[in-house]
Amino acid sequence: MLTTQSYLIALLLYWGAAIGGVWLLKRLWFADEPGRGAAALLGGIAGLLLAPAFPGEGVETLAPALIIVIFNVLFGEGVASAASPGVWLVTGAIAGAIVSLWWRRRGLPASA
């Protein structure tokens, strides 16, 4: 069983890898200044990867919502057990796209 410290380290490593992956996608797939569609796509991908959720009823720890949805559908009780984390997943994707579009519109400097 994970201790609190190892759980937090694992979650931070996952989030760091997700952010690094989205950064690599931006650098390899899109021009220096991606258009609105590309910005929304990258934000949505970031939201999918970074959205946290509770794995089930009575569980006090968070996990990445994408992983919870996949595992609950494949190995859990099916789609019914993935509905609540799925809402968090979709909300994260929408929020990521909105933040990305806002970031692009404000003209804030993108990561180098």
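This report walks through the helices, the core and the surface of a predicted model.

## Ground rules

Residues are numbered from 1 along each chain as its sequence is written. In this predicted model, local features need pLDDT of at least 70, side-chain atom pairs count only at pLDDT 80 or more, totals for chains, interfaces and linings use all residues, and side-chain values use heavy atoms, with hydrogens and water left out.

Helices (H or I, at least four residues) and strands (E, at least two) are DSSP runs, numbered from the N terminus. The expected span of a helix is 1.5 Å times one less than its number of residues. Helix 1 has 26 residues, so it should span 38 Å; its end C-alpha atoms are 37 Å apart, which agrees. Helix 2 (residues 36-50) has 15 residues, so it should span 21 Å; its end C-alpha atoms are 21 Å apart, which agrees.

Buried means under 20% relative accessible area, exposed means over 50%, and partly exposed lies in between (1.4 Å probe, protein chains only). In helix 1 the buried residues are Leu11, Ala18, Val22 and Lys26. They pack against helix 2 and strand 2 (63-64). In helix 2 the buried residues are Ala38, Ala39, Leu42, Gly43, Gly44, Ala46 and Gly47. Their cover includes helix 1 (4-29) and helix 4 (83-106).

## A buried serine

Ser100 lies in helix 4. Is Ser100 buried or exposed? Ser100 is buried, because its relative accessible area is 17%. Contact means heavy atoms within 4.5 Å. Leaving aside neighbours within four places in sequence, Ser100 is in contact with Ala39, Ala40 and Gly43.

## The largest core

A nonpolar core is a set of buried Ala, Val, Leu, Ile, Met, Phe, Trp, Tyr and Cys residues joined through side-chain atoms within 4.5 Å. The largest one has eight residues: Ala51, Ala53, Ala63, Ala65, Ile68, Val69, Ala82 and Leu89. Helix 3 (residues 65-75) gives the largest share of this core, three residues. In soluble globular proteins, nonpolar side chains tend to be buried together.

Take Ala65. Leaving aside neighbours within four places in sequence, Ala65 is in contact with Ala51, Pro52, Ala53, Pro85 and Leu89.

## Out in the open

Leu74 is also placed in helix 3. Leu74 is exposed, because its relative accessible area is 58%.

Glu57 is found in the loop between strand 1 (52-53) and strand 2. Glu57 is exposed, with a relative accessible area of 80%. Glu57 and Ser84 are 27 residues apart in sequence and 9.7 Å apart in space, C-alpha to C-alpha.
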